[in-house]
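Here's a quick walk through one protein model, with an eye on its pocket and a few of its strands. Have the 3D view open as you read.

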Amino acid sequence: MKTFAFLLCISLVWISSVVADELTELSEHLKVFQPLVGKTFKGEFADSTPEKQKFDVSRWERALNGKAVRVLHSVNDGVYGGETIIMWDAKQERVAFWYFTTAGFQTQGTMVIDGTKWSSTEKVTGNEQGITEVKATSEFTSDGKLIVRSQYFHDGKWEKGHEINYAESSDAKVVFK
């Protein structure tokens, strides 16, 4: 009987680990995002000042049985925010994403992944400031930081966008108003 109980315990531990892996595993094309999933990051904008602080909080989640990654983010406790769904697009043979914002505009784009870095290009629809495209580079560093730099296509030319350096923050929260 003790042998049976021991084997039952071992089996339950093994089954639990298999199920846990299945609940956290991402599809092969999204593996670059695995270290981010289940975590919240807080980042300060490069142009933030003590008088006018500007920060972003992003929460990375596994979605659609690991076939997608969902990213929720908010700037300055809900002044602005959005939601991104990242998936493999078999037709384009690339990682694609869709971004929806509290400002009422949305974007659709693709990513090129190179190790722990990725670059993205996206078309913007409905931006009141006239931004029609965005290019960005992102990197998840070996010390657990996330660095994002962007450029905006506005009035017929590319302009510097934002730069944010994120660190994991277990107490930060994404806020929507």
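A pocket here is an open set of grid points with protein on both sides within 12 Å along at least five of seven lines, and its lining residues are those with an atom within 4 Å of a point. Keep in mind that this is a predicted model.

So what does the largest pocket look like? Its volume is about 1,300 Å³. There are 45 residues in its lining, and His 73, Tyr 80, Tyr 99, Tyr 152 and His 162 are the ones nearest the centre. Sorted by class, the lining comes out as 23 nonpolar, 14 polar and eight charged residues. Which element gives the largest share of that lining? That's S10, with seven residues.

S10 also turns up in the strand pairing. Strand S1 covers residues 40-45, while S10 spans residues 157-168. S1 has two antiparallel partners listed here:

| Strand pair | Bridges | Example bridge |
|---|---|---|
| S1 and S2 (residues 55-63) | five bridges | Glu 44 with Phe 55 |
| S1 and S10 (residues 157-168) | five bridges | Phe 45 with Ile 164 |

How confident is the predictor? The protein chain has an average pLDDT of 90, and 86% of the residues score at least 70. Residues 4-22 are another story, with pLDDT below 50. Leaving aside near neighbours in sequence, that stretch makes one contact in the model.

Technical notes. Residues are numbered from 1 along each chain as its sequence is written. This is a predicted model: local features need pLDDT of at least 70, side-chain atom pairs count only at pLDDT 80 or more; totals for chains, interfaces and linings use all residues. Side-chain values use heavy atoms; hydrogens and water are left out. Two strands pair if DSSP finds at least two bridges between them. Helices (H or I, at least four residues) and strands (E, at least two) are DSSP runs, numbered from the N terminus. On a 1 Å grid over the protein atoms alone, a cavity is a set of points where a 1.4 Å probe fits but cannot get out, and a pocket is an open set with protein on both sides within 12 Å along at least five of seven lines; lining residues have an atom within 4 Å of a point. Grid points are joined across faces, edges and corners, and a volume is the space filled by probe spheres set on the points. Ala, Val, Leu, Ile, Met, Phe, Trp, Tyr, Cys and Pro count as nonpolar, Asp, Glu, Lys and Arg as charged, and the others, Gly among them, as polar. pLDDT is the predictor's confidence in each residue, from 0 to 100. Contact means heavy atoms within 4.5 Å.
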